[in-house]
Amino acid sequence: MAINAQYQTGSFTRTAATLSAQSMVEIKFSAADLGEAVAVSPQISLSSCEVSSGRVNYGGRLIATLVYADGEGKLCRVQKGAEFSHYIDDEALAPAQRAECILTCAKCQLKRDGSSYVVAVVADAKITVTDSAQRSYLSAIDGAICRTESGRLYSAVSFSGESEVDDDFDCVAQDVLVPSAKALVLDCNVKAGVVEIGGEIYLSLLAIRDGSPVNLDRIIPFKCEIPCDEALLSQRGYCRAEVKSVNVNCRVNEDKGKCDVDFNAVLGFNGHFYDEEEISFVADAFCKDCELQLDSATEQTLVDTDIKVYSERVNNLCASKAKLDYTCAFLAATLPAAEYSRTAEGIEGSVTATLIYEQGGEIRSTEINMPFEVRLSGLSSDNGRIEVAVCGVSLRQRAEGECEGEAVLKITVADGESKTISYMTDARETGAKAVSDCAISVYIPEKGDGLWETAKRLSESPEYIRVTNPELTFPLTGKERILIYRPKA
């Protein structure tokens, strides 16, 4: 008897490629009155990312703010921007695909070039390319004995957009030199037609108070809605926020000795959620009369279930590039950031910042690094996507030559549940099955065999095994003896 396979087909979104690359971007500051550099703040934002045949092209914008001391020791700032573009080649790329790019500053170096300064930044790009594909699975096989199961198939739906965040506040300062900001998404919910995103911006301001540099920190909450036509049902989603631009306008109130600060940031959002489809599929099959060749496929999806938020205070001794002693008066620890990697129980890395201090009547600066290790409890997946922001850094000298630091880390983990499904994609006959002509056979099973494994080895339906051997209890112990009767034709 020939078999007749029945199929179900559908389209879904899959990850076609995961790419990464780094490029060098340089900005040169040339001016006759540039004094000793004190701090530099690079800000990278993505401007475009397109896929062509065999190549993905991406571009961005770098804005660098340089703080320096003039001839009178007064801190001044100068800002400059540059556009850049880069590409990655891969044979799997095609114009119909969609690319999502995460662009970050991996390293920043300030070097002297004669009377000028050069800011060299390593732009790190991580790109995920998705496309639409067809999946096909066996729903039934006529002429064969099948084991069917029910399960869920998942298809990723991507969304992106931009939103502005405004805030106004007072700060005890006469001027703001450099703002730096990091945005974290603390909540992401999909509703009908929109994706609701909530989070916080961690703002660090290098300001001037009474003629000396100070660092001011502020947390700015935000709530945004991104339109999404594919959003239908209420569910959790994953989203990442990027600070594309920051503008800070200050108005000095001389009577109160304060600054009225108007803050505006443009945030870019990229994220995804999953459409679910409940299916009934063939998980295994065999035929009494012929041998079957079965092809299978396995899909594994990390479905976002929750965003866990941690707030951790860390402290440790710091490493610095300059020699610090009691002749150094610490003024401000500014431009904080975190470098980190995943460990078995959490994350480890270092907090970086620029320390501005006074020594011998001159304003100087050095980069400090404070190592940390944080345990994250309650995670259900090792594949959660982690984001870390630094909420302020304080430094002091407990002993001469030793710099001790303390910082608060805000950590978000997009936790998820791994979903795996295996199904048959095709079935073919490969030849006739050898048939025993004995009137009776005795089968000795293996320990742990279930009803389906036993039926498949004996080329009989599970129902027939149950009827002819009602005393069996599954799974088997391996000590049973199963009798198979073959009536004379």
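Predicted model: local features only at pLDDT ≥ 70, side-chain atom pairs only at ≥ 80, totals over all residues.

Me: Tyr 137 and Tyr 423 form an aromatic pair; what is its geometry?

Reply: The centres of Tyr 137 and Tyr 423 lie 6.2 Å apart, with 70 degrees between the planes. Planes over 60 degrees apart count as edge-to-face, and the pair of Tyr 137 and Tyr 423 is accordingly edge-to-face.

Me: How many residues apart are Tyr 137 and Tyr 423, and in which strands do they lie?

Reply: Tyr 137 belongs to strand 6 (residues 116-142), while Tyr 423 belongs to strand 19 (residues 402-432). This pair links distant parts of the chain, and the separation is 286 residues.

Me: Which parts does the pair of Phe 286 and Trp 452 tie together?

Reply: Phe 286 and Trp 452 form a tilted pair, at 5.3 Å centre to centre and 50 degrees between the planes. Because Phe 286 lies in strand 13 (residues 258-286) and Trp 452 in helix 1 (residues 451-458), the pair ties together parts 166 residues apart in sequence, namely strand 13 and helix 1.

Me: Is Trp 452 buried or exposed?

Reply: A relative accessible area under 20% means buried, and the value for Trp 452 is 10%.

Me: Which residue lies over the face of Phe 12?

Reply: The residue in question is an arginine placed at 4.0 Å from the ring centre of Phe 12, namely Arg 135.

Methods. Residues numbered from 1 in each chain as written. Heavy atoms only, no water. Phe/Tyr/Trp six-rings, centres within 6.5 Å; stacked < 30°, edge-to-face > 60°. Helix = DSSP H or I, 4+ residues; strand = E, 2+ residues; numbered from the N terminus. Buried < 20%, exposed > 50% of the residue type's maximum accessible area, 1.4 Å probe, protein only. Lys NZ or Arg CZ within 6 Å of the ring centre and 35° of its normal.
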